[in-house]
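Me: I'd like to go through this model with you piece by piece. Could you keep to what the coordinates show?

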Amino acid sequence: MGSVQIVTTILAAAITAVAVWLAVRAVLKMVAVIRLGQPAPERFTDKITRARTMLVETAGHTRMLKWGVVGAAHWFVMVGFVVLSLLVLEAYFEVVTTDGGLPIIGHWTIFGLVTEIIGVLGLVGILVLMAIRLRNRPTRPGGRSRFTGSTMWQGYFVEWIVLLVLIFGFVIRGFKVATDHFEFPVWATPVSHAVGAVLPAWADGVSVAAAIKIIISMTWLIVISLNVTMGVAWHRFLAFPNIFFKREPARPAGSGLGALRPMTSQGKPLDFEEADPEKDQFGVAHVEQFTWKGLLDFSTCTECGRCQSQCPAWNTGKPLSPKLLVLSLRDHAYAKAPYLLAGGGKDLTGEEKATQAQLAHLDVLALAEADKPLIGTAEEGGVIDPDVLWSCTTCGACVEQCPVDIEHVDHIVDMRRYQVLIESSFPSEAGVMLRNLENKGNPWGAPQNTREDWTKGLDFEVPRVGEVDDFEYLFWVGCAGAFEDRAKKTTRAVATLLNEAGVSFAILGEGETCSGDPARRIGNEFVFQMLAQQNVETLNEAFEGREKAKRKIVATCPHCFNTLGNEYGQLGGEFEVVHHTQLLAHLVATGKLTPVQPVDGGVTYHDPCYLGRHNRVFAAPREVLGDAIEGDLTEMPRNSERSFCCGAGGARMWMEEKIGKRINVDRVEEAMATGARTVAVGCPFCSTMLNDGVNGKGAGEQVEVIDVASVLLRSVKPQQPQGGKETTPVGG
Ligand code: SF4
Ligand code: SF4
């Protein structure tokens, strides 16, 4: 060992010792913070499926690759990080001796070849990612980007480190080539040989370059250890557990977001018959009341901003960005952690848990952070502004896009639950809807005995459950379908088509009540459970004696479709629920319905969030339209899983939209830009929102917003009087 190697070895050992010590400290701190969260025992079920899902999602980059170039570039950088870590390890042998290398595999040509290929592709990948970050920098001319609000220096820092480590990998090899210490052939390592051709034959170059590579790598480790909230770096490690512990890992890829997380206290679902707000946690009032998985979510965020770029609230100038929400919760959790770890915190009656002595030596910043309300305005020092909380439409675009499976919607609804159930603090205009749900069983407050009024004027009898001996489908009409004028047309169209196709179906009529979706999404789990339990009881009675496969329900409202199909199981109601577009597509495909006159004038289709993104029903409505219209469907730029919300989900239908541009107007502009004269929808709420948007633009005469079922009915029964006037019942 020469004098240069003595210096490089000491340097490498010293910086590594410091880095490892800091990293261990950082990991212990992160684990301690995450453990502050509430129990979530359901995250430990089915470990094999979880492991498989984690491997598929990470190795396959299932979310990222949907972003084309950036996904591919990130994949190579990720693989480069894993494989080329071996080269960092090898550098520890190279600082000691100029011809050092990894024992055993370090001499295999295949090792030389693989690391060479990954090194080159990693270099290309990181340059692409750097270019993308620069091109999308928030300060660029032209407005907000997905990186707006991200900690940009951290992203640049990580990218430069990766670039330099990769470059020094080739420099080390180049010096080995130049000094004849390189054993891999040119065909396997052409870039290394090319670099060697331009480097001097400096004998100590290998050790010096290896030391620099180690110093760069350890500088990275030191910086991230001193910044435990640096998700852009930590996600390299945290993404694996975060995906492993994701909600519903068994849901087949591409089958939608699934049910909302039930309200839990101490890890157990809350039963309102026994729940006590002084003993049980009602939603989330403090950051430590999220589960540990929630705190892991916040720690894992890479600040990539994919969620933000798709969020309808953010894109229409509202203060909500799912990324910024997650970052605020993360920063708050880590800043408050010293207080919590010292024994601080409020019990469920609001009393401080810690003694004076426990808090005596605490940092004032941690104490100040602990005093912040989780939900509050800037003047109140709140972590999350109420306008942020109430802007969410629960459209799921953020969850859909997040490459590390962060569960924004569950966290947002958990915070809403506390605000609604304990604080009674929510946009006042939604109070009418909640009162109507409690008192009348529907958000409009319509008398229950008018639920069947939509059947009037039909030229066939609509059977009721109990009046017919048997039926194949229970037609779940929904509140909109029963009471809202436009939606009633869809209900009649569906009933007419089912009758035409000879499908045996029956309705609950006055036995039906609201599915509970708006109550659940606004955070009123109590009202949701009240309504849902009543419906589950009614439905179980209607299907008594039938196995699940024969408990078939067809729903026209995607919110009912989602709630009945995905969420009633939490309350003992297991049903096979289809959306009417799925059943209609099947009836057309099997020849039970025959479109005879194509609808012309151009048609575009708006994917409802709770049908498309939440439940992955993209094809059926398009199949129906494909059979019913002239020419091809004209797609909007944002369609299918990247569809843009209409603005009504998450109970936003019942709240005023006071901030920014109206979401429905944004969507309508996109629809109208296609030139289509018909905007087909599959949801009564989308129908209302888009109709309002079209009328607001004064385009009601040129553009018509109607349900897919009504388009099909026009094609199947063109002679039937239809059209825009409610006084002309479809099918009647
Ligand atoms: S669910 Fe939709 S509206 Fe809510 S934060 Fe996510 S993207 Fe935004
Ligand atoms: S929440 Fe997910 S999608 Fe959004 S910035 Fe963080 S990692 Fe990216």
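Me: How many bridges join strand 7 to strand 8, and do they run parallel or antiparallel?
Reply: In this predicted model, strand 7 (residues 603-605) is joined to strand 8 by 3 bridges, and the two run parallel. Within that pairing, tyrosine 605 has alanine 680 of strand 8 as its bridge partner.

Me: And what about strand 8 and strand 9, how many bridges there?
Reply: Strand 8 pairs with strand 9 (residues 704-707) over 4 bridges, in the parallel sense. Alanine 680 stands opposite isoleucine 706 of strand 9, and valine 681 stands opposite aspartate 707 in strand 9.

Me: OK, so what is the strand order in that sheet?
Reply: The order is 7-8-9 in an open sheet of 3 strands with parallel pairing. Strand 7 and strand 9 are the edge strands, each of them pairing on one side only. On average, neighbouring strands of this sheet are turned by 30° against each other, direction ignored.

Me: Which helix packs on the sheet?
Reply: Helix 28 (residues 708-716) does, touching strand 7, strand 8 and strand 9, and its direction makes about 90° with that of strand 9.

Me: Which way do the residues of strand 8 point?
Reply: Thr678 and Ala680 point one way from strand 8 (residues 678-681), while Val679 and Val681 point the other way, and all are buried. As background, side chains in a regular strand alternate between the two faces of the sheet.

Me: Switching to the sheet with 4 strands, what's the order there?
Reply: That open sheet has the order 4-3-5-6, with parallel pairing. Strand 4 (505-507) and strand 6 (576-579) each have a single partner strand, so one side of each is left without a neighbour in the sheet. Neighbouring strands here are turned by 30° against each other on average, direction ignored.

Me: Which strands does strand 3 pair with, and over how many bridges?
Reply: Strand 3 (residues 473-476) pairs in the parallel sense with strand 5 (residues 552-555) over 4 bridges, and strand 3 pairs with strand 4, also in the parallel sense, over 3 bridges. Leucine 474 has a bridge partner in each of them, namely alanine 506 in strand 4 and isoleucine 553 in strand 5. Phenylalanine 475 has valine 554 as its bridge partner in strand 5.

Me: On to the largest nonpolar core, which residues touch the most other members?
Reply: Met415 and Leu539 do, out of the 196 residues in that core. The largest share of this core comes from helix 5 (residues 152-178), which supplies 13 residues. In general terms, nonpolar side chains tend to be buried together in soluble globular proteins.

Me: What is leucine 539 in contact with, leaving aside its neighbours within four places in sequence?
Reply: With those neighbours set aside, leucine 539 is in contact with Leu474, Trp476, Leu508, Ile553, Leu564, Tyr568 and Phe575.

Me: New topic, the ligands. What surrounds ligand 1?
Reply: Its surroundings include Cys311, Cys392, Cys395 and Cys398, together with residues such as Pro312, Leu320 and Val409. By class, the shell around ligand 1 has 9 nonpolar, 3 polar and no charged residues.

Me: And ligand 2, how many residues surround it and which are the closest?
Reply: There are 13 residues around ligand 2, of which the closest are Cys301, Cys304, Gly305, Cys307 and Cys402. That shell divides into 7 nonpolar, 3 polar and 3 charged residues.

Technical notes
Residues numbered from 1 in each chain as written. Chains lettered and ligands numbered in written order. Predicted model: local features only at pLDDT ≥ 70, side-chain atom pairs only at ≥ 80, totals over all residues. Heavy atoms only, no water. Near = heavy atom within 4 Å. Nonpolar A, V, L, I, M, F, W, Y, C, P; charged D, E, K, R; others polar. Core = buried A, V, L, I, M, F, W, Y, C linked by side-chain atoms within 4.5 Å. Buried < 20%, exposed > 50% of the residue type's maximum accessible area, 1.4 Å probe, protein only. Contact = heavy atoms within 4.5 Å. Pairing = 2+ DSSP bridges. Axes fitted to C-alpha atoms, helices over the stretch in contact; angles between N-to-C directions.
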